[in-house]
Amino acid sequence: MVTDKQLIEGYRTGRREMLELLVERYKDDLYRFCRHLTLNALEAEDLFQEVWVRVIRKLDRYDPERSIKAWLFQVTLNMYRDSYRKWKKLYERLTGEASCRVPLLELRDGAPLTEEQILRNERYARLEEGLRKLPKRYLGPLVLYYYEEFSYEEIGKMLDIPIGTVKSRLNQGKKLLQKAVEPWREEYR
């Protein structure tokens with residue numbers, strides 16, 4: 001199996017197919033991360049594409065001693081923060097409202113949904129709503145730790161914060177999320 005390092009070196013030397021292999025290797029993980037950050041399928045697709053454009057432009061600066069997945073996630077997180085800040089400011093100026101997120105439930109195909117699927121979609125929508133209410137400083141660590149399974153150290157490097165701060169934000173974010181979803185827990189017991 002070709003290593004990430006070999007794929008990057010191959011692309012740097014002009015072999016375009018190596019980039020395609022790299023994208024194929026990480027596309028599912030990266031898209032899932034984009035989806036968790038944006039909580040919106042359309043925004044996730046936009047972010048996903050923008051990240052790959054940025055990665056291609058900056059690939060010559062990538063340190064091959066570092067995990068490519070961690071680097072991709074850091075680029076994604078930085079781009080999300082930048083775009084979110086810009087969009088939030090513009091939205092607030094135009095509307096006077098503080099929030100610009102709208103829940104988006106996706107149906108995979110035209111088949112009727114089972115009761116279990118409907119309940120799962122409802123729980124997911126409630127979880128998204130709880131995540132949307134979290135201050136952004138807690139969302140990144142929660143997604144990176146619980147969904148993407150990065151270590152405290154890796155999260156600290158990505159977010160450029162000490163490990164103690166990572167632990168604190170995870171703990172506080174978890175408490176805030178539990179408090180946000182508590183009213184709905186009884187419905188699903």
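Is Val2 buried, partly exposed or exposed? I looked it up: Val2 is partly exposed, because its relative accessible area is 33%, and the label covers whatever lies between buried (under 20%) and exposed (over 50%), with a 1.4 Å probe and protein chains only.

Before going on, I noted that this is a predicted model, where local features need pLDDT of at least 70, side-chain atom pairs count only at pLDDT 80 or more, and totals for chains, interfaces and linings use all residues. Residues are numbered from 1 along each chain as its sequence is written, and side-chain values use heavy atoms, leaving out hydrogens and water.

Back to Val2. I found Val2 in the segment before helix 1 (4–12); helices here are DSSP runs (H or I, at least four residues), numbered from the N terminus. Setting aside neighbours within four places in sequence, Val2 is in contact (heavy atoms within 4.5 Å) with Leu7 and Arg25. I also checked Met18: Val2 is 16 residues from Met18 in sequence and 9.5 Å away in space, C-alpha to C-alpha.

Next, I went to helix 2 (residues 16–38) and helix 6 (residues 136–147). They pack at about 145°, with axes 10 Å apart; axes are lines fitted to C-alpha atoms over the stretch in contact, and angles run from 0 to 180 degrees between N-to-C directions. Phe33, His36 and Leu37 of helix 2 meet Leu139, Val143, Leu144 and Tyr147 of helix 6.

Last, helix 6 itself. I saw that its buried residues include Tyr138, Gly140 and Pro141. Just past helix 6, Glu149 has a positive phi of about 60°.

Key. Helix = DSSP H or I, 4+ residues; strand = E, 2+ residues; numbered from the N terminus.
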